[in-house]
Amino acid sequence: MNFELLSMDLAAAAQLPCDALVVLVPTPFKPQADEVSVLIQDALDAGDLETKPGKILSLYRPLQAQADRLILVGAGTASLAHIRTAITSACSGVKSSSKVKNLVISLALLPETKGAVFTAMNAVADVSYTYTTTKSKPEPRLLRQVVVAVQGGKEMAAEFKQAQACIAGVEFAKEWANRPANHSTPTQLADAAQGLTNSFKNSSKTGPKMSCEVLGPKEVAKLGMGSFMAVAQGTQEPLRFIVLEYIGSPSVKSAAPNVLVGKGITFDTGGISLKPAAEMDEMKFDMSGAASVLGVFKALSVLKPHIRVVGLIPTCENMPGGRALKPGDVITSMSGQTIEVLNTDAEGRLILCDALTYAERFKPRAVVDVATLTGACVISLGNLRSGLFSNSEDLASQITAAGDAAQDLCWRLPLDDDYAEGLKSNFADVANVGGRAGGAITAAKFLHRFATQYPWAHLDIAGTAWKSGANKGATGRPVPLLLEFLLRNQSAITFTADKPTPAKAKRAVKAKG
Ligand code: BES
Ligand code: MN
Ligand code: ZN
């Protein structure tokens, strides 16, 4: 799908020949001096059109425009959320139509808002996305060309470019998350990561660079990632630890990088603590964190910003088997901390903790892990906002702000030390589960023990990474949030982890020693 940004008023947009013209109509509606504006005013007066976000009035071959179809859509207060709703509603019919290949979206009636172009583009890409990889007769997306028509377009150029890169990243993440587990094994994910670096192979000395290193069972054993290895021991499918690095220009080569860590469980049966059968198929999405990290790297490869980013992906299956991890087993993590595995279904934290320890070697500016970690997070926040946890006020507010700007929302939850009470073990330094209450927080508290050496944030995307039901499919979240965060963070802002409490400090020393 090809996007184009044009600077023009509504009168000019109406002169563009296309299969459909979508016009966003906000409250208050300020008509321009053109015939479509007159039409809108009439429809509003007659009560046939409302400015409520998503309300539609469609016309066929209207005399007022060159388009075959004119879709007037309410855009509410023209907030980013309302713009998203409007576009989603106006374009969801377009997806099923075999007639609409060229689309024009006019934002000319909206007040100029930062993020409007970005939001509109992401919304149209999102509704028109179609998965085809494992269909025998693929029906690919029909939409070819989308023109975004805005007034005062020049300032929007950077936003437009970021949206293009973001969409490429989101679609890459969707593709890998949507693939069934037998088509996205750890090995295949690693190949996909390696594939991303190919376009950089011949880039000049001063140009951006991307590298990918893939570690297998032997290398991971050598590193002492006992926790990660324990999860993978129940399956024939070999684990992979993927290390991606993007260096946007020679000047950032030795800058402290932001490190992204993605949970890459390609299928989560629960292991010996087996999950119930209902909806277990959705556990193919348990590598959505990993897919989002790959998606961010895809976006970086398109946008080529002058920043340094490291991506770490521990990936394996969580299966029951003759050699599988058993409840009660005690394993030793790379940090040296021993873990009593009370529930083999709490496997995400077991693979992430070793990746968090590995991240220390990059002396990161910040580490953000992304994981479909807990069903409890879905209960807390539903499908709208991802759960955010952080040991740094600065980092937490940066990430929240990035999510707001990119319309990829998150909400911060607490990390009080008392929440870790339930993780006490009689047989190891820590247990991998607490009680049922506050499950998203106890999971984050588990990770917190391993993220002592840098400002750290954890995004629990269990509720936001995919949709269930008739529209079952990956969302590509939180690629928009992460990309926005990385781009905002490229300048001189430095994060400081909040002062550790004495208990935390002691643990940090122990973990190091
Ligand atoms: N991948 C799941 C979390 C999950 C469950 C995400 C449902 C989305 C929907 C994770 O590995 C898991 O199984 N977590 C357990 C933890 C529990 C055993 C403490 C959970 O949430 O039930
Ligand atoms: Mn699990
Ligand atoms: Zn899982």
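How many nonpolar, polar and charged residues are in the lining of the largest cavity? I opened the notebook with that. I am working on a predicted model.

**Entry 1: the largest cavity**

I looked up the classes. The lining of the largest cavity has six nonpolar residues and four polar ones, and no charged residues. Next I wanted the names. I found A230, V231 and G234 in this lining, along with G271 and I272. N318, M319, A324, L325 and T344 complete the list. Then I checked the volume. The largest cavity has about 50 Å³. I also looked up how many cavities of 30 Å³ or more there are, and the structure holds two.

I noted one general point. Empty space shows up when a probe the size of a water molecule is rolled over the atoms.

**Entry 2: the second largest cavity**

I moved on to the second largest cavity. Its space comes to about 40 Å³. I listed its lining residues: A173, A177, S288, A291, S292, A465, A474, T475, G476 and R477.

Which element supplies the largest share of the lining of the second largest cavity? I found that α9 does, with three residues.

Five residues in the lining of the second largest cavity are nonpolar, four are polar and one is charged.

**Entry 3: the second largest pocket**

Now I turned to a pocket. The second largest pocket has a space of about 1000 Å³. I found 36 residues lining this pocket. Those nearest its centre are K275, D345, T374, G375 and A376.

Which elements each supply at least two residues of this pocket's lining? I wrote down α11 (375-381), α13 (439-448) and β19 (466-467). The most comes from α11, which gives four residues to the lining.

I then sorted the lining of the second largest pocket by class. I got 13 nonpolar, 12 polar and 11 charged residues.

**Entry 4: helix α14**

My last stop was helix α14, residues 479-488. Is α14 mostly covered or mostly open? I found it mostly covered, with nine of its 10 residues buried. I took buried to mean under 20% relative accessible area.

I wrote out the buried residues of α14. V479 and P480 are buried, and so are L481, L482 and L483. E484, F485, L486 and L487 are buried as well.

Definitions and conventions: Residues are numbered from 1 along each chain as its sequence is written. Chains are lettered from A and ligands numbered from 1 in the order in which they are written. This is a predicted model: local features need pLDDT of at least 70, side-chain atom pairs count only at pLDDT 80 or more; totals for chains, interfaces and linings use all residues. Side-chain values use heavy atoms; hydrogens and water are left out. On a 1 Å grid over the protein atoms alone, a cavity is a set of points where a 1.4 Å probe fits but cannot get out, and a pocket is an open set with protein on both sides within 12 Å along at least five of seven lines; lining residues have an atom within 4 Å of a point. Grid points are joined across faces, edges and corners, and a volume is the space filled by probe spheres set on the points. Ala, Val, Leu, Ile, Met, Phe, Trp, Tyr, Cys and Pro count as nonpolar, Asp, Glu, Lys and Arg as charged, and the others, Gly among them, as polar. Buried means under 20% relative accessible area, exposed over 50%, partly exposed in between (1.4 Å probe, protein chains only).
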